[in-house]
Amino acid sequence: MSAAAQTKTDVLLETRDLVKHFPVENSDDMVRAVDGVSFHLTKGETLGLVGESGCGKSTVGRCLLRLIEPTSGEVVFEGRSIVGLSHGEMQKLRREMQIIFQDPYASLNPRMSIRSIVSEPLKIHSIGSSTDQKKRVGDLLEKVGLDPKYADRYPHEFSGGQRQRIGIARALALNPKLIICDEPVSALDVSVQAQVVNLLQELQDEFGLAYLFISHGLAVVEHISDRVAVMYLGKIVEICDAAELYADPLHPYTQALLSAIPVPDPKQKRERIVLKGDVPTPINPPSGCRFRTRCPIAIEECAKVVPELREIKPNHFAACVRVDGYDNAPAMTQRRPYDRTRKPRMAAAATAGKDTAGRAAADVRGRNSWQHLYRTRPCFR
């Protein structure tokens, strides 16, 4: 199969110059929440989307599902542009695209039983008889680790972790191909976070799901993601394989983010990069590079040039004119399908020579058991 044919077959979702601006009440100003985001997601892949609170991560996820309408740009799902589809066409398409919300307490209707919540997508799409739906609910609850006997209980009778499992069961009800995970573990205790992340990985391996995993928890994203995209003030500034990003970040903002991750060794010290100043307002972002007002290596050119994502190294894209090789690097125009057989975390860790034994051993255990994660990651304690 040719590379072009393989790319067309494997790419599940693609965004091109996605923009979402929100009007400011009683003003002509606009909040530039998302400003020209482009990336692709292949079948069975997990793409992590990280950044500070307010950088536009959740807005991107909701625009992909058209829960909020994009201002401009294109969203292509399985080769079909979904921007401009009618309500009826989108309802049919949402059988293939679902979302897990951030707050397990607010995303479940307190007046509905668990059976009604999980079976609601089946009823909306008229799938199966009532008997079939009842059986499907039991199977889904069992799949996410809950007793089917709990189906007639109500959300207030469950813990936060159990509620998020119910939300996952609801997202799985229609057998989707893509699930937007909008900070699904940020409201949970750290030990429960690891269990839910492990569950998501098991379900992905079983059903071949693709995830867009939105989070500001860098350790969680490293654990679950195949590739990671870093956002700052409405733009993606770096995107590459997860192991490559954590071993050798190129953009100064990514370097600052990763320097904040605790090292699981009290004798080892990591040099913390402390950014000065506050995040600029998205109503009036800085000219040129949006990170320049806080960047420790900014130069005069950074205020004049809007950097585009360029392929500095194979499959490693960054948007910074100060990165070595940026001037001669090609722009991000070609899509490369993700090959799940090449185990990028192990390969990149071995190449970089950083924590090779630990990462390789974790991969041998099957994408890291949550028990191993709990023992080795301080942020999960």
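What is the mean pLDDT of the protein chain, and what percentage of its residues reach 70 or more? The mean is 85, and 85% of the residues reach 70 or more, where pLDDT is the predictor's confidence in each residue, from 0 to 100. The structure is a predicted model, in which local features need pLDDT of at least 70 and side-chain atom pairs count only at pLDDT 80 or more, while totals for chains, interfaces and linings use all residues. Residues are numbered from 1 along each chain as its sequence is written, and side-chain values use heavy atoms, with hydrogens and water left out.

Two stretches call for some care. Over residues 1-7 the pLDDT stays under 50, and the model has five contacts for them beyond four places in sequence; a contact means heavy atoms within 4.5 Å. Residues 334-381 also have a pLDDT below 50, with 94 contacts in the model beyond near neighbours in sequence. Where pLDDT is low, the predicted coordinates should not be read in detail.

For the chain as a whole, the secondary structure comes to 13 helices and 12 strands. These are DSSP runs numbered from the N terminus, with helices being H or I of at least four residues and strands being E of at least two. Of the 381 residues, 50% are buried; buried means under 20% relative accessible area, exposed over 50%, and partly exposed in between, with a 1.4 Å probe and protein chains only. The accessible surface is about 18,100 Å², and carbon and sulfur atoms account for 48% of that surface, with areas taken from the Shrake-Rupley method with a 1.4 Å probe. Among contacts between residues at least 6 apart in sequence, 64% join residues at least 24 apart.

Strand 1 (residues 11-23) and strand 2 (residues 30-42) are joined by 10 bridges, and Val11 has Thr42 as its bridge partner. Six residues lie between these strands in their hairpin, where Asn26 takes a positive phi near 60°.

Another antiparallel pair is formed by strand 11 (residues 310-313) and strand 12 (residues 316-318), joined by three bridges. Here Glu311 stands opposite Phe317. The hairpin has two residues between the strands, and Asn315 takes a positive phi near 65°.

Turning to the helices, helix 5 (residues 130-143) has 14 residues and reaches 20 Å from its first C-alpha to its last, close to the 20 Å expected at 1.5 Å a residue, the expected span being 1.5 Å times one less than the number of residues. Its buried residues are Gln133, Val137, Gly138, Leu140 and Leu141. They lie on the same side of helix 5 because they cover an arc of only 165° around the axis, judged from the directions from the helix axis to the C-beta atoms. The face turned away from this buried side carries the exposed residues Thr131, Lys135 and Glu142. Cover for the buried residues of helix 5 includes helix 4 (114-124) and helix 6 (160-172). Just after helix 5, Gly145 takes a positive phi of about 90°.

In helix 4, the buried residues include Ile114, Ile117 and Leu122, and their cover includes helix 5 and helix 6. Just after helix 4, Ser126 takes a positive phi of about 55°.

Terms used: Two strands pair if DSSP finds at least two bridges between them.
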